[in-house]
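Reader: Please show me the structure. I would like to go through it by question and answer.

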Amino acid sequence: MLSNERHRQIISYLEKKNTVTVQELTDILYASSSTIRRDLSELEAQGFVKRIHGGAVLTAGSTFDTPASLRRTQQLAEKQRIAELASQFLKPSSTYFFDSSSTASILATPDVKIATNGVAILSNMQSTDKLSILSTGGYLRSPWDELTGNLAIKCIENMNADVFFFSCAGFTVEQGAMELSDDNVAVKRVFYRNSKLRILLCDSTKIGKLFFFNSFSISEIDYIITDCCPAYPGYVELLGDKLIY
């Protein structure tokens with residue numbers, strides 16, 4: 001098993017249990033204890049877990065931010081479903097803002113112009129006669145593969161788009177969309193101000209989760225696209241026509 005896949009599974013397990021021993025991980029992942037200890041050391045160096053005697057604990061939920069390399073391997077079926085639903089908003093000869101989300105990166109976008117702060121989108125898509133990809137520039141926030149800071153903000157302020165597609169770290173009807181980084185929020189707010197239609201792409205695993213920074217209230221979001229009906233009571237009624245699943 002590749003190290004990235006082990007890291008993804010370790011984080012997934014910790015998100016459910018919050019703490020894990022080296023022995024548990026060797027049994028679950030069929031890896032040697034030395035390999036697991038090395039994986040935990042690498043994740044700790046990136047700030048995603050804290051090593052304890054015999055194992056590790058997940059960094060507090062309000063400060064944990066999954067790296068892009070792991071996000072791209074998680075909830076793939078759900079993201080594909082969301083992308084299919086979001087495609088109804090893709091129109092020829094239109095302009096779009098994409099944030100750095102892994103869901104936005106899989107949207108099929110022929111004959112449009114896109115501006116994004118997502119490094120994966122910039123590297124995976126190629127500009128053609130019909131598809132124009134523009135980078136916001138800015139400070140590279142690693143390992144989340146997103147461009148932030150004043151340079152990115154200044155660039156976005158000079159552009160306008162028909163639609164802004166964006167994701168979030170968590171979502172509740174009380175708080176709306178939330179993030180773990182205020183730098184990330186600052187960039188998204190500028191995208192928001194310079195777009196006509198704002199669409200949240202939110203897989204069902206994020207619904208009901210609280211994080212530190214509020215980004216957008218429900219009243220600021222035109223549509224919320226998710227992969228299935230929210231399991232939380234009242235969400236369908238409260239979100240009404242905004243909700244697409």
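Reader: In which strand does Thr172 lie?
Author: This is a predicted model, in which local features need pLDDT of at least 70, side-chain atom pairs count only at pLDDT 80 or more, and totals for chains, interfaces and linings use all residues. Residues are numbered from 1 along each chain as its sequence is written, and side-chain values use heavy atoms, with hydrogens and water left out. Strands are DSSP runs of E, at least two residues, and helices are runs of H or I, at least four, numbered from the N terminus. Thr172 falls within residues 170–172, which form strand β10.

Reader: Is Thr172 buried or exposed?
Author: Buried means under 20% relative accessible area, exposed over 50%, and partly exposed in between (1.4 Å probe, protein chains only). Thr172 has a relative accessible area of 5%, so Thr172 is buried.

Reader: Which backbone nitrogen does the side chain of Thr172 reach?
Author: A distance of 3.0 Å separates the two partners. The backbone nitrogen belongs to Gln175.

Reader: Where does Ile218 lie, and which residues does Ile218 touch?
Author: Ile218 sits in the loop between β13 (213–216) and β14 (223–225). Its relative accessible area is 17%, so Ile218 is buried. Contact means heavy atoms within 4.5 Å. Not counting residues up to four places away in sequence, Ile218 touches Phe171, Thr172, Val173, Gly176, Leu239 and Lys242.

Reader: How are helices α2 and α3 oriented to each other?
Author: Axes are lines fitted to C-alpha atoms, for helices over the stretch in contact, with angles from 0 to 180 degrees between N-to-C directions. The axes of α2 (residues 22–29) and α3 (residues 33–45) come within 9 Å and cross at roughly 110°. Angles of 65 to 115 degrees count as roughly perpendicular. That makes α2, relative to α3, roughly perpendicular.

Reader: Which residues of α2 and α3 make the contact?
Author: From α2 come Val22, Leu25, Thr26 and Leu29. The α3 side supplies Ser33, Ile36, Arg37 and Leu40.

Reader: Is Tyr30 buried or exposed?
Author: Tyr30 lies in the loop between α2 and α3. Its phi is near 55°, a positive value in a residue other than glycine. With a relative accessible area of 75%, Tyr30 is exposed.

Reader: What is the phi of Ser93?
Author: Ser93 is in the loop between α5 (76–86) and β4 (94–98). Its relative accessible area is 62%, so Ser93 is exposed. Ser93 is not a glycine, yet its phi is positive, at about 60°.

Technical notes: Polar contact = N/O pair within 3.5 Å; in protein donor to acceptor, adjacent residues only side chain to side chain. Parallel < 35°, antiparallel > 145°, perpendicular 65-115°, else oblique.
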